[in-house]
Amino acid sequence: MAGSRMKLEFSRVIQGRSRLGVLKGLGRNGQDSMEVPGCLLYTHFGTVPHLTQDTLHTLSNLPSVTQVTLSNIAEHQEVLEEFKDGFRKFAGLHDTLLYCSLHDPAAPCPTGYTTNKTVSVWGSGGRIELTVAKFMALQKIVQPDWYQSMADGETWQNNTSRKRVRKSVDRTLTHLDECLVVHQNSQELDGVEVFGVVEGGDILEERVRSARETAKRPVAGFCLDGLQTGSMDQTLRTQLIAAVTKELPEDKPRLLQGVGRPDEVLACVEAGMDLFESFFPFQVTERGCALCFDFNISPDPERAVLELNGGERDTAGETQPNGDHNLDDQTQMTSFEIDLKDKRYQDDFRPLVEGCGCYCCKNHQRAYLHHLLVTNELLAGVLLMIHNTAHYHGFFGALREALANDQLDLLKDRVLRGRGGQTERKE
Amino acid sequence: MAAVIECGADIDTTPENHMSLKKTLSSASPLTLRIVAECSVTKARACDLVLPHCTVSTPVFMPVGTQGTLKGITVDQLEGLGCQICLGNTYHLGMRPGPDLIEKANGLHGFMNWKRNLLTDSGGFQMVSLVELSEVTEEGVKFKSPYDGKEILLSPEKSISIQNSLGSDIMMQLDDVVSSTVTGPRVEEAMHRSIRWLDRCIAANKNPDKQNLFAIIQGGLNADLRKTCLDEMTKRDVPGFAIGGLSGGEEKDDFWRMVTLSTDHLPREKPRYLMGVGYAVDLVVCVALGCDMFDCVFPTRTARFGSALVPWGSLQVKHKQYAKDLQPIDPDCKCPTCKRHSRAYLHALFKSDTAAMHHITIHNIAYQLTLMRSVRQSIVEGHFPEFIRTFMKRMFPSRDQYPSWAVDALASVNVTLE
Ligand SMILES: [Zn+2]
Ligand SMILES: [Zn+2]
């Protein structure tokens, strides 16, 4: 594993921070790659929420890496053990890389259940306690291309004591060492990469210690845990990320857990993050909303149309910008979306976003989506998930383009416009 | 009219096809029925039903998209499964989003972006079954809106007006629905009223050149009343007939006798739609009795509870016994679900995501449509009776489990099950 094949090749690093490049050497044969900054494909047990493979594949340019979580998988250990061929095949996924994380970033995880030796995940049948042995047994049957090592991430709540934070850093390092021992002795995991998890809550010294120690281990990359939306404001998050990334080797990827809002993604990319989880479009879908924020920075004639779209968002009036920093906010609407349940869309025969090439926008109108939502029809989730996924991954594409063309400020301007005073106060 | 012209170019030279075409042209309805084959043993037939949006191969099962959507399935997926016609419910759509909005969206086709045919019901059935305080008078069905409590009258004219706004290819007349288990004078009253309402519906249709209006044969389980209704309604120049008032909890013995009585007296050159029937055995038997079109919410509703339809009955994907079963739902099924996913994966997915339901819904629609395509093919190839025997053998573990009504019904059309 010291000879990890996963390598970040940069085409551009801006001000020593924002990193544009390609993560190469992915997959067990090392032939695959993904662009950074980028995001993984969010799934429930290998399925993008609401979507079958048919509806999913109406989308082009999907991420090459699919995220699955042990919180979904752990309760199905037995059948996967019998199946033997790994989760990818079990789930009917063919052409994708698999990243296995511990928790579902969109599902709150109750605290108070970790011990020195165990962490807990919550599946449909309740809590499942994982020791390193069970955690690694699961990795062996899942057979992902990479996974995060076991971690004690219970420090995201405000006012977690310094003592608890220190304990979480220590435990997480111990878990990592134990995972690595099992990993190196497991033929099944040959060619599989491990990401070490950086903890440390909101305490700078603990963050630095966690990063420094994790970086000493033979890991392929790093997950930054405990910085998720709702746990702290972006100013503090940016500071902590900056301090952590200083301790991390340049050529290994950094994945930020639990952050998905476009404004926060932009700030975290500027602070040096590479990878994100795409649970945000799912959350937007679940509240019956459609992403509509503008990220188009190419000077083309269609500009005028998009301008109109952005303008409409500005005057929407009843959008409730998500400003307070508590976890409840994750279910509240942000200013990057429109609420299609709102009566004003009842007779709006425009697509969700003018110019969007997704299946939903090419075939359906806001009025229809409004109808599906007020009548509680399942197709609402399907169509919204298609659009929101397309829009979100489009945003990441635009982000890379902006980095390539030195237009990050212009993109930030576009994305944050319409957030009004909210943005001013925060930054 | 485009459909008729298109059919004219495609015309068969057999005399009966000439006749049916002429009849269609004279009534100027946007529907043509070409009989492709008739079973020489049973009353089954295979037809091409030419409708404004495309030709439907019958016998056909029509999936139900109550509120302008088919339970989590996109219109492209539905088209991909080979569906040529599906249903919308006038009662639901008339309430939400309402006929005005749908008209603005270029009809239900435009609103849901469905390129093929649509059939809408009259709204009467839902009203009587869903709304507690409904009252039927000669005027129509009076009820209180469950959304705003306002009193609404659904008259034959109103039903047709809503269906004209929806723009469906086939509209159903408003009929006076009584439960099939009710007997006595109320059944006779409902039958006569349904005839009067048919005339009002015919008169109210603003788009007879674009939208077909079907009559609904009533008369409960009383053969004389059914016969009277058939005699009266077949005098009207409607493009098709539905057999109504059945499939509501009556004895199957009564059910099939009413079906076969109806098909005996319905004109050969017009389509016959048996309402609310969709269980596989019922479909096969009623095709043998001469029905062409069927609809039922069962295959899509049951899918959401994890029940997958298979040639040997059904398979409860959520049951523990499938947790480690790595076969597809039906190894012979060619639907997107069976091509990719195992019972074990679907079993597990039911615990994580609603997409599990969509997978089963797709499979169940595929099952229904494939069953009807196989039925049609066997009629065309002249071995429908043999198909029935094979189908029954597969569906039931042994001969003594065949439902007696099905055995009797099939015997009535000369098919004996060994
Ligand atoms: Zn879109
Ligand atoms: Zn299937």
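This report walks through a zinc site in chain B and the pieces of chain that surround it.

First, some ground rules. What you see is a predicted model, where local features need pLDDT of at least 70, side-chain atom pairs count only at pLDDT 80 or more, and totals for chains, interfaces and linings use all residues. Residues are numbered from 1 along each chain as its sequence is written, chains are lettered from A and ligands numbered from 1 in the order in which they are written, and side-chain values use heavy atoms, with hydrogens and water left out.

**The zinc ion**

Which atoms hold the zinc ion (ligand 2)? They are the SG atoms of C333(B), C335(B) and C338(B), plus ND1 of H363(B), at 2.0 to 2.3 Å. Donors here are N, O and S atoms within 2.8 Å of the metal (3.2 Å for Na, K and Ca); water is not among the atoms, so sites may look incomplete. Along the sequence, the donor residues follow the spacing C-x1-C-x2-C-x24-H.

Why is the arrangement around the zinc ion (ligand 2) called tetrahedral? Because the 4 donor atoms subtend angles of 100 to 118 degrees, and four donors count as tetrahedral if all angles lie between 85 and 135 degrees.

The UniProt annotation "binding site", from an unreviewed entry, covers C333(B), C335(B), C338(B) and H363(B). They are spread over 31 residues of sequence, yet they cluster in space, with a largest C-alpha distance of 8.2 Å. Keep in mind that such annotations may be inferred rather than shown by experiment.

**Buried or exposed?**

Buried means under 20% relative accessible area, exposed over 50%, and partly exposed in between (1.4 Å probe, protein chains only).

| Residue | Relative accessible area | Class |
|---|---|---|
| C333(B) | 14% | buried |
| C335(B) | 3% | buried |
| C338(B) | 7% | buried |
| H363(B) | 1% | buried |

**The surroundings**

Helices (H or I, at least four residues) and strands (E, at least two) are DSSP runs, numbered from the N terminus. C338(B) sits in helix α14 (residues 336-340) of chain B, while H363(B) belongs to helix α16 (residues 355-380) of chain B.

Contact means heavy atoms within 4.5 Å. Leaving out residues up to four places away in sequence, C338(B) touches P328(B), I329(B), D330(B), C333(B) and H363(B). With that same exclusion, H363(B) has contacts including A308(B), L309(B) and V310(B).

Strands β15 (residues 307-310) and β16 (residues 313-316) of chain B pair in the antiparallel sense over 4 bridges, where pairing takes at least two bridges found by DSSP. The hairpin has 2 residues between β15(B) and β16(B).

Notes
Four donors count as tetrahedral if all angles lie between 85 and 135 degrees; four count as square planar and six as octahedral if opposite donors are over 155 degrees apart and all others between 65 and 115; anything else is irregular.
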